[in-house]
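Student: I'd like to zoom in on a single part of this model rather than tour the whole thing. Could you pick one stretch and show me how it sits among its neighbours?

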Amino acid sequence: MSKPAPKITAYLKTFCGWSEGVRAIMRKYDLQFEEKDIIKNPAFRWEMEQRSGQSLSPCVEIDGTMLPDISGDEVEAWLTKNGYFEKSEAAADAPTNSACSDEQHEAMARGDFKLPGKIKFLG
């Protein structure tokens, strides 16, 4: 039996392979979460550092537990281990355990990088 939907806050970078991996897990399981972009809003970076005790991202807080410097794979493992849901063998729509590729870094430098999948904004 799974737990009620978790309250999730994710401190992510706008464009980052690790951050996109966390987003991919949220999409895979259709999890609602609050995204705090630490690049677009430096106050969120400060908040992340205060809450996690370190400066590396992504950091994901789930029901009050901070998971610092974590990959999408690690978020999925933590959620399944802690009984939020059974692990799905369905593929995520983006890599869940990797940095940006060289092509993605070049696209970001040109300003034409597009995120895969859908992004949900909570109102």
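Tutor: Let's start where β3 and β4 make a hairpin, with two residues between them, and where Asp-63 in the turn has a positive phi of about 45 degrees. Strands here are DSSP runs (E, at least two residues) and helices are runs of H or I of at least four, numbered from the N terminus. Keep in mind that this is a predicted model, where local features need pLDDT of at least 70 and side-chain atom pairs count only at pLDDT 80 or more, while totals for chains, interfaces and linings use all residues. Residues are numbered from 1 along each chain as its sequence is written, and side-chain values use heavy atoms, leaving out hydrogens and water.

Now for the pairing, which takes at least two DSSP bridges between two strands.

Stepping back, the whole thing is an open sheet of four strands in the order β2-β1-β3-β4, with mixed pairing. The edges are β2 (34–37) and β4, each of which pairs on one side only. From one strand to the next, the twist averages 15 degrees (axes are lines fitted to C-alpha atoms, for helices over the stretch in contact, and angles run from 0 to 180 degrees between N-to-C directions).

Helices pack on this sheet too. α1 (residues 17–28) touches β1, β2 and β3, and its direction makes about 155 degrees with that of β1; contact means heavy atoms within 4.5 Å. α2 also packs on the sheet, touching β1, β2, β3 and β4, with its direction at about 115 degrees to that of β1. After α2 (residues 42–52) comes Gly-53, with a positive phi near 80 degrees.

How values were computed. Polar contact = N/O pair within 3.5 Å; in protein donor to acceptor, adjacent residues only side chain to side chain.
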